[in-house]
Amino acid sequence: MNDYLVIAGYAAAGAGVAGLLGWPAVVLLRRRSLALSLFTVAFVTALSLSGSTIAVAQAMLLYRHDYAVVSIVLTMGCVVSLIVAALLSRQVVAGSRALTRAARTVGSDSGFTAPSEPLSSELSELSAELSATSARLAESRQRERALETSRRELIAWISHDLRTPLAGLRAMAEALEDGVADDPARYHARIRTEVDRLTGMVDDLFELSRIQAGALTLTLSRVSVYDLVGDAIAGAYPLARERGVHLVGDQVAPAPVEVDSREITRVLGNLLINAIRSTPMDGTVAVAARRERTEVVVSVTDGCGGIDEQDLPRVFETGWRGGSARTPRSAATPSGAVQHHGDTGAGLGLAIVRGIVEAHEGRATVRNVHGGCCFEIALPAAAAPRV
């Protein structure tokens with residue numbers, strides 16, 4: 001037992017001396033090349049093993065021949081291990097350099113190009129993360145471009161929609177001021193109508209700015225979607241009767257939702273007005289609601305003839321109005337209502353619809369159906385009441 005303790009002591013002493021000599025080199029090279037650091041670690045390990053073996057051999061072996069054999073075997077082993085360490089270090093550095101070159105493509109128009117060289121598992125994970133980051137940057141850049149396009153379109157359309165009524169107001173005011181108006185009462189009524197329309201446009205802009213700034217405050221309450229749809233239909237019925245459009249709401253399930261009743265009623269009102277104004281006389285606008293797992297889906301289907309497929313993704317964008325329509329909306333249209341084909345509004349109503357629905361953690365979608373299109377809003381269903 002004492003012999004083993006003596007051997008252990010000699011081995012520890014030899015390895016300790018080698019480790020103390022190699023540790024400063026490891027510390028000094030920690031900020032240098034990874035290949036050099038790996039080679040240094042392998043060299044210190046080999047030096048430690050050699051030191052402990054030589055210390056034991058000198059203490060235990062009596063013959064020079066045996067000592068020489070041990071030294072030769074140890075030297076060959078250390079040389080092979082250092083060669084393997086050098087090759088491994090070179091492979092790691094090559095993979096690192098390839099990944100560095102590939103990292104320069106992050107955020108480029110062509111997207112991240114992964115290295116063709118085989119990588120270690122850690123570098124492969126890093127490459128996957130760079131690819132995901134590049135994809136997120138591309139999506140962010142695409143959203144930014146879309147927002148910038150929508151912003152430019154909104155400014156252009158708002159400028160046009162403001163210029164037309166303001167020019168009319170100025171002409172009517174000058175006619176009244178010069179006393180050349182043949183029917184002042186009619187001029188006053190028209191001025192009031194145009195002012196109301198401009199006020200609605202400003203209200204829409206203010207509402208949209210609150211939504212986009214995340215400042216929309218919701219007062220949630222448990223309510224049946226049947227009641228919400230009923231209120232919206234009642235509000236839209238006069239316009240439907242005026243335009244000869246049939247309103248149908250017999251497929252509405254009394255599913256409970258927890259929403260801000262005022263805001264969702266506005267959403268449904270916008271969708272119904274859009275549908276009525278886009279449906280020809282004697283057409284039908286159908287409202288339905290159904291429960292789907294954790295959601296309540298409300299749909300408004302019209303007879304507009306459908307929306308161009310390339311325009312479907314843009315329907316809810318700020319400023320989108322479809323086609324090339326530039327005519328100001330009628331005074332009969334309530335604030336926020338926007339036609340979804342050949343839109344005559346400022347392009348805000350459907351953007352407000354999406355903003356309000358998403359503020360409720362829901363989603364708004366649109367798809368073409370036979371003879372028209374179907375707008376759907378999905379709202380989180382209310383939890384079952386506790387007994």
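## The open sheet

Let's start with the sheet: 5 strands build an open sheet in the order E2-E4-E5-E7-E6, with mixed pairing. Strand E2 (246–252) and strand E6 (363–369) are the edge strands, each pairing on one side only. On average, neighbouring strands of this sheet are turned by 20° against each other, direction ignored. Strands count as paired if DSSP finds at least two bridges between them. Helices (H or I, at least four residues) and strands (E, at least two) are DSSP runs numbered from the N terminus.

A word on the model itself: it is predicted, so local features need pLDDT of at least 70 and side-chain atom pairs count only at pLDDT 80 or more, while totals for chains, interfaces and linings use all residues. Residues are numbered from 1 along each chain as its sequence is written, and side-chain values use heavy atoms, with hydrogens and water left out.

## Pairing and packing on the sheet

E2 pairs with strand E4 (residues 284–292) in the parallel sense over 5 bridges. Within this pairing, His 246 has Thr 284 in E4 as its bridge partner.

Helix H6 (residues 225–243) packs on the sheet, where it touches E2, E4 and strand E5 (295–301), and its direction makes about 170° with that of E2. Helix H8 (residues 349–359) also packs on the sheet, touching E6 and strand E7 (372–380), and its direction makes about 25° with that of E7. Contact here means heavy atoms within 4.5 Å. Axes are lines fitted to C-alpha atoms, for helices over the stretch in contact, and angles run from 0 to 180 degrees between N-to-C directions.

## H5 against H8

The axes of H5 and H8 come within 10 Å and cross at roughly 35°, and H5 passes H8 in a left-handed crossing, that is, with the near helix turned anticlockwise from the far one by less than a right angle. From H5, Asp 204, Glu 207, Leu 208 and Ile 211 make the contact, together with Ala 351, Ile 352, Gly 355 and Ile 356 of H8. By class, this contact has 5 nonpolar, 1 polar and 2 charged residues; Ala, Val, Leu, Ile, Met, Phe, Trp, Tyr, Cys and Pro count as nonpolar, Asp, Glu, Lys and Arg as charged, and the others, Gly among them, as polar.

## H4 against H5

Helix H4 (residues 121–178) and helix H5 (residues 184–212) have axes that come within 10 Å and cross at roughly 155°. The two are therefore roughly antiparallel to each other, a term used for angles over 145 degrees. H4 passes H5 in a left-handed crossing.

Conventions:
Angles under 35 degrees count as roughly parallel, over 145 as roughly antiparallel, 65 to 115 as roughly perpendicular and the rest as oblique.
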